[in-house]
Amino acid sequence: MSDGPAAGARARRGGRAAPGFTDEAALAAAWAAAPAGTLRLADGRALRVIFPGVPGDGTGPDFRDAMLDLEGDLVRGDVEVHLRHSGWFAHGHDRDPAYAGVALHVVAANDLPLAATPHASGRRVPLLVLGPPPEPGAGFVPPCAFARAAGVDVAGRLRGMGQRRLRMKANRAALFAAGRAPGDVLLALAAAALLGPAHRAAADAAAAKLRLAALLEEADGLTGEARRLALAGKLRRLLPTGAASAAAGRWRPAAAPAKRLEGLAQLIDRWWPPGSSPGWPAALAAGAGWRAAAGAGIGRGAAIEVFVNAVIPAALATGAWSEAEAEAAWAALPSPGTYGKLRPLERWLGGKDAALFASAGLLQGGLLLQADYCAKGACGRCPLSPPG
């Protein structure tokens, strides 16, 4: 679409607060409070908020997995918030694929002659002009917020859901392990864990080609930094053509795929030192802790993620560790830090207990709870909702 509406809007914004709101954070707080009753979209259709969504992590839409009733149609999707309608264009969301799936655009003022928000994909996102914020203290409070008061064992149930999530990860690893050696399974899962969801396509492409024996052969006869550089070079060649250049400028340098693979080369060098066979590494015998995955370019949080998503599931799936050994390692892992999507749950469930997600297992239980219930509009039906 042309720059006309956006350019004109920028001239009109002038930095003033929108009616009823001092800033965008206040508008976001009003939306997070789940406005009650029937609302009217800019095009006249009726809207009810079932669940306002989970606050985003800053890398995309402001709220994820909202549940909306749009004139009887149940709609699930993301929600983006701006003080003015023109903010959508000023921030470049109209051309950003990450915003193509936004289900609702919430604004305090419609400063454009449009009753919906266009996206370059051809979609017209429903537009809601939200009134002044509710009185202090009002807001959405889910039933699980009363779990502790009702005697629900919050930590115990989260721990049980975390164990379920371990089984799910191990089952996926077992499917991947069919026809592959344990070392190859571990290596592929570690690559996916380090590359992260943002580089999933690159991780999948690399996993299809990763063969530990070939990597070790490539570095045969080398030691120290020369060996790590050779391993990193081989790993970079596994990336899809153009993946590294396409990522340039989009990520901070430490998060670029090539840099993440340098971290993987460090792990390979440590887990399979010169002269090692390409089997399950002795450095990851049962009882090894997350520090076995830490090192240059791999901090505490990333090392714990490698254990959660690669080492323990692969060890359980390939039989390198017994079930009891895997469960003990899972229970001993500290939390890498609460994810943005779980902060509302932490606030609702934790009360004065700031250590609700103190372990990786509890955090994984929270992720399963959020995915299976919160994100599916099943509030009030989850294992942490008090009976009655």
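**View A. An arginine over a phenylalanine ring.** The charged end of Arg180 sits over the ring of Phe176, 3.9 Å from the ring centre. "Over" is used here when NZ of Lys or CZ of Arg is within 6 Å of the ring centre and within 35 degrees of the ring normal. Welcome to a predicted model, in which local features need pLDDT of at least 70, side-chain atom pairs count only at pLDDT 80 or more, and totals for chains, interfaces and linings use all residues. Residues are numbered from 1 along each chain as its sequence is written, and side-chain values use heavy atoms, with hydrogens and water left out.

**View B. An arginine over a tryptophan ring.** Here the charged end of Arg300 sits over the ring of Trp290, and the distance to the ring centre is 5.8 Å.

**View C. Trp88 and Tyr99.** Searching the whole structure gives two aromatic pairs. Rings of Phe, Tyr and Trp (its six-membered ring) pair if their centres lie within 6.5 Å; planes under 30 degrees apart count as stacked, over 60 as edge-to-face and the rest as tilted. With centres 6.1 Å apart and planes at 85°, the rings of Trp88 and Tyr99 are edge-to-face. Both Trp88 and Tyr99 are buried; buried means under 20% relative accessible area, exposed over 50%, partly exposed in between (1.4 Å probe, protein chains only).

**View D. Trp271 and Trp272.** These two residues form an edge-to-face aromatic pair, 5.9 Å centre to centre with 75° between the planes. Trp271 is buried at 3% relative accessibility, and Trp272 is buried with a relative accessible area of 1%.
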